Each structure stands twice: as C-alpha cells, then as structure tokens.
Amino acid sequence: MIHLSAKDNAALSAMTHEEPLIAKITVNPNLPNGLRSQSVLIMHEPAAIPEGFGLVLLAFDGEIANAPVNTVRLSNDIRYLKENDVIKFYPTGCKINVLYRKEANVNTFLLTERCNSFCIMCSQPPRDIDDNYLVDDILEALPLIHPETPEIGFSGGETTLIGNDSFTRLIQAAKNHLPNTSLHILSNGRNFKNLDLAIKVSRVQHPDVMIGIPLYADYSQLHDFIVQADGAFDETIRGILNLKRCQVPVEIRVVIHRENYHRLPRLAEFITRNLLFVDHVALMGLEIIGFAKSNQQALWIDPYDYRHELQEAVETMAKASMKVSIYNTPFCVVPESIRCHAVKSISDWKNDYLDECSECNAKQQCGGFFSWNLSKPSLHIRPL
C-alpha cells in the first residue's frame, strides 16, 4: 500500500456517504450511469461536473460554482493520480490513500503492521494493533487493478499473522482477478515451520508467486540477534524447507549492514551448500528509515567498504548457477565484474539521485538511492 495522504484536500460539497470508498479512477465524464457510483472521476480543468459519480476529484485551482455532491479539490501533492489508479477515500477529513498506481514500477499492499520479529533495521516498525480491515480493503481493491499489471506485492509486518485462511484467501483472490500478474509476498518465514500453512499456499496453485524470506547470517546467534527473536533462525530454515517441499517458489533476502557484512561470503557458502534449491537470492543495501534510522550509527556502512565481501558472495552463488541480484545499491560502488547482477529495485515514488549522477552514462541502469538516504550516501559516488 502506498501511504500518500492529502491532508489538505477540500470538500466543495456535502458527502452522500460516511463510509470510506475504494474505487478506480476514471477521466471519462461520460462513463455509463450504471458504473459511476463505484468510480472516481478526476477532472484537470474547469468544466461542467457530471452527476452520479461516487467521488469527483478536481485537480485544478479554478473556481467552481454549484459543485455537485461528493466533489473534492485535490491538494497539489496528490495530483499525479491518473486513469486506472485505485484509491481509498475517507469522507471524514477528506483523506486519500493511494492503493494502486497503474504506472508505478512497484505496487505493494500492506497486510498488517503486526510482526513476531523486531529486526534492528526494520523499515516498517511493527505495531501491535487491530488492522484486520486491511484484508477487506485489499480484497475490494484487487478486482479494480488493471489486468496488465506485471507484479503486485504483499508486505507487512509479518504477512502470515493475518491468519492462515485470510492469507490463502488473498493469494486466491490475486490469482482469480489477476491471473497474469506476478505476486511477491514478503514474510520472515517463521510461521511456515508449520507444514500445513505451506501446503495451503501450494494448493492455491498461483501461477507466478514468490515468497521473499530474510536470512541475515549463516548461523543462528547472529540471525536471531538481528531479528531480535530467539529460535528465529531455525524456524526460518524450516519454513524455507517446508515451502520448497511443497514446490512454492522462495527468494532469500539479505539486508546488508555493519552487523553482518563480514559474513556475506560465509552466508553465500551456507546457501549454496544447504539451500541451493531456492529460486532467487537478493542482496540488499540498507534503507535508512524506521529502526535503521534509529540505529544508524551502529548499522550504517558505506557499500564501497563491503564491495569485496559482496563480490565474493555473488560470485560464489553465480558459480553454483543460482539466480542472484543486488538491490538498493548504486552502480558505481558495485564491483564492475558483478554489475550485471545489480538491478533497479527501489519503488519510483521513493527513488532519487544525487546531482553528480546527472553526468553518469549508467544512470538509466542504476538503482540510485532511497529519497531519505540522500543525506548518507556512499563517499565513493562518481559518474561512470
């Protein structure tokens, strides 16, 4: 879910409903009457406002007289909305959450903020709250997503904490409504220690699903320290084994920081010896937000300073014919011999570049930076 709230949206007319509205955006004012009540019309210039739409969003500053019901003027920070985007509108406060953007390179739905781990660099710090409504929101939004969307994601918190039935129900809904869309699910893998859950996911038979599971070290003490949960390493390994036993694709995700960078070569050896059958390994640069920002002094290390460990780990897995990628890391600090594994992985709405990047010939291939990481980039950024 993309949390972009337009807090200064202004209602120009009374709302006909008090419950939040989840709907797809259209720019067609001549939409058939039967479809209007479940649609959001966005207008970019003054014109006669048609009746019957569930919501009308005005993306301009001109005067409007006698606005029909459910008319809201958009604040500037959310006027990027386009045809086929999906939003959730809260009449109270006129707040908008953008659930899906057709032109985004990544669309991820938050399933829950609850988690059974407490990772020291977590970008989405867990909260023990009742957020079960999120499942209903996603089930309502999935049928509205454009069928040509290449991929959507489910994230958390720990996604499996919504309950086995809700978890598999969402996967089934994604399969039913978006059969040609890849589904990428983030999980810490621990609850898959129960074989029954892995079996239930397998039985959905989603044609293109991947479950991304973090593994931060090659031995339990370090992994358990990083996730702040005793026994997590053993549960995670059992979870991976159960999923692959049920033929569910698995991706191993490794966030690199000062606590574990030195073990990257050993972790690569561990994976190739014990988990060679996983489908993908992603080696990820640190996103300085959430707990990573709070623990920045203890966790931050310049990616240039672990380039040798990164190179050795990538080469170890590549030689074993494993699919391995480097995420969230600028091209220029990745050793040239492994740049073929570096990909653009940062969501477009939080992706940015430094001024010196404007002269780089590799900018189109480079993943750049998280917008909130610009104050702490590598000291070795240079145009290629």
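Trainee: What radius of gyration would a compact globule with 384 residues have, and what does the chain have?

Mentor: The radius is taken over C-alpha atoms, and the globule rule is 2.2 Å times the number of residues to the power 0.38. For 384 residues that rule gives near 21 Å, and the chain has 23 Å, which agrees. This is a predicted model, where local features need pLDDT of at least 70, side-chain atom pairs count only at pLDDT 80 or more, and totals for chains, interfaces and linings use all residues. Residues are numbered from 1 along each chain as its sequence is written, and side-chain values use heavy atoms, leaving out hydrogens and water.

Trainee: How many of the residues count as buried?

Mentor: Buried means under 20% relative accessible area (1.4 Å probe, protein chains only). Here 55% of the 384 residues qualify.

Trainee: Which residues touch the most other members of the largest nonpolar core?

Mentor: A nonpolar core is a set of buried Ala, Val, Leu, Ile, Met, Phe, Trp, Tyr and Cys residues joined through side-chain atoms within 4.5 Å. The largest has 76 residues, and F154 and L283 touch the most other members. Another core, of 19 residues, lies apart from it, with A282 and F291 among them.

Trainee: At what angle do helices α5 and α6 cross?

Mentor: Helices are DSSP runs (H or I, at least four residues), numbered from the N terminus. The axes of α5 (residues 220-227) and α6 (residues 232-245) come within 8 Å and cross at roughly 100°. Angles of 65 to 115 degrees count as roughly perpendicular, so α5 and α6 are roughly perpendicular to each other.

Note on methods: Axes fitted to C-alpha atoms, helices over the stretch in contact; angles between N-to-C directions. Helix = DSSP H or I, 4+ residues; strand = E, 2+ residues; numbered from the N terminus. Parallel < 35°, antiparallel > 145°, perpendicular 65-115°, else oblique. Buried < 20%, exposed > 50% of the residue type's maximum accessible area, 1.4 Å probe, protein only.
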